[in-house]
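Let's take a walk through this model, one packing arrangement at a time. Have the sequence and the coordinates open as you read.

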Amino acid sequence: MSNTETLLSIMAQLRDPDSGCPWDVKQDFDSIAPYTIEEAFEVAEAIAQRDYPELKEELGDLLLQVVFHSQIAREQGLFDFNDVVQVLCDKMVRRHPHVFGESDAADEQAVKVNWEAIKQQERAAKGREHDSALDGVPAGLPALQRAAKVQKKAAKVGFDWPETAPVRRQVDHELAELDEALASGDRADIEDEFGDVLFTLVNLSRHLKLDPEQALRKATAKFERRFRQMEQDQPEPLNTLDDDALEAAWQQAKKAGEL
């Protein structure tokens with residue numbers, strides 16, 4: 001029995017209504033979906049940390065999510081794991097005619113153009129002709145990632161700043177509007193303008209060819225390192241320090257991290 005067959009057998013046994021695991025038996029597509037998203041992020045984190053033993057384990061956890069969903073679908077007579085693999089194989093061959101067919105793709109850009117054209121053909125074949133250039137971005141994506149994808153789609157039809165400088169100026173413009181909202185005290189207006197600031201910062205990251213998710217993840221990790229350093233350096237609990245002492249401790253932690 002192959003490793004894949006063993007894995008499928010284990011999942012089927014866990015889902016057995018008589019002898020399986022009560023927790024596993026209770027789950028359905030909806031209850032498992034959050035775990036699927038979480039595992040994908042843990043794969044991304046292992047990659048960012050260059051922790052390859054951890055990446056191996058996290059990829060296994062992500063594969064388990066595919067197997068779990070496939071088992072639930074099999075029980076409902078929808079499809080099974082082999083169907084998932086077959087659909088994927090067919091799709092990869094179909095979307096790479098420059099490798100498996102007779103089409104040519106001179107460079108990466110040509111591959112992207114062909115890929116999008118084939119995706120449009122697939123949608124049409126399924127009766128899913130899209131009316132908007134922004135269609136096809138999953139609503140469940142993390143907010144920063146979804147903003148970047150929506151902006152990228154808009155840029156493909158020419159709705160984009162021609163260079164980085166005006167995007168940077170737009171950040172200042174949106175911050176000024178946020179200041180006005182803060183002065184007004186209108187919570188709905190504040191939220192709206194704050195969202196505009198974030199959306200424009202994502203646009204700036206795209207023009208700078210940066211991944212906003214990765215940039216924020218690194219900034220959060222940096223803050224966490226410095227905060228933990230600050231906790232270790234101070235003999236007294238942080239909540240007993242006044243503002244000046246906290247600022248001094250923070251600056252000390254920053255310097256320690258630069259050494």
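**Starting from Val-67**

Leaving out neighbours within four places in sequence, Val-67 is in contact (heavy atoms within 4.5 Å) with Leu-7, Leu-8, Met-11 and Phe-81. Before going further, a word on the ground rules. This is a predicted model, so local features need pLDDT of at least 70 and side-chain atom pairs count only at pLDDT 80 or more, while totals for chains, interfaces and linings use all residues. Residues are numbered from 1 along each chain as its sequence is written, and side-chain values use heavy atoms, with hydrogens and water left out.

Which residues make up the largest nonpolar core? Met-11, Ile-32, Val-67, Phe-68, Ile-72 and Phe-81 do, 6 residues in total. A nonpolar core here is a set of buried Ala, Val, Leu, Ile, Met, Phe, Trp, Tyr and Cys residues joined through side-chain atoms within 4.5 Å. Buried means under 20% relative accessible area, exposed means over 50%, and partly exposed is in between (1.4 Å probe, protein chains only). The largest share of this core, 3 residues, comes from H4. Apart from it lies another core, of 5 residues, including Met-230, Ala-249, Trp-250 and Ala-253.

Helix labels follow DSSP runs, numbered from the N terminus (helices are H or I, at least four residues; strands are E, at least two). Now for the partners of H4. Two packed helices are described by the angle between their axes and the distance between the axes. Axes are lines fitted to C-alpha atoms, for helices over the stretch in contact, and angles run from 0 to 180 degrees between N-to-C directions.

Take H1 (residues 3-14) to begin with: its axis and that of H4 come within 10 Å and cross at roughly 55 degrees. That makes H1 oblique to H4, given that angles under 35 degrees count as roughly parallel, over 145 as roughly antiparallel, 65 to 115 as roughly perpendicular and the rest as oblique. Leu-7, Leu-8, Met-11 and Ala-12 of H1 meet Leu-63, Leu-64, Val-67, Phe-68 and Gln-71 of H4. By class, that contact has 8 nonpolar, 1 polar and no charged residues. For the classes, Ala, Val, Leu, Ile, Met, Phe, Trp, Tyr, Cys and Pro count as nonpolar, Asp, Glu, Lys and Arg as charged, and the others, Gly among them, as polar.

H3 (residues 29-48) is another partner of H4 (residues 52-75): the axes come within 9 Å and cross at roughly 160 degrees. That makes H3 roughly antiparallel to H4, and the crossing is left-handed. Among the contact residues are Ile-32, Tyr-35 and Val-43 of H3, along with Leu-55, Phe-68 and Ile-72 of H4. This contact has 14 nonpolar, 3 polar and 5 charged residues.

The loop between H3 and H4 holds Arg-50. Its phi is near 55 degrees, a positive value in a residue other than glycine. Is Arg-50 buried or exposed? Arg-50 is exposed, with a relative accessible area of 54%.

Back in H4, have a look at Ser-70. Ser-70 counts as buried because its relative accessibility is 4%. Setting aside neighbours within four places in sequence, Ser-70 is in contact with Phe-79, Asp-80, Phe-81 and Val-84.

**Further along the chain**

Helix H8 (residues 143-156) and helix H10 (residues 187-207) pack at an angle of about 65 degrees, with their axes 9 Å apart. H8 passes H10 in a right-handed crossing. On the H8 side, the contact includes Leu-144 and Ala-148; on the H10 side, it includes Phe-199 and Val-202. The class count here is 6 nonpolar, 2 polar and 2 charged residues.

Pro-212, in helix H11, is buried, with a relative accessible area of 13%.

Lys-209 sits in the loop between H10 and helix H11 (212-233). Lys-209 has a positive phi of about 60 degrees although it is not a glycine, and at 75% relative accessibility it counts as exposed.

How values were computed. A crossing is left-handed if the near helix is turned anticlockwise from the far one by less than a right angle, and right-handed if clockwise.
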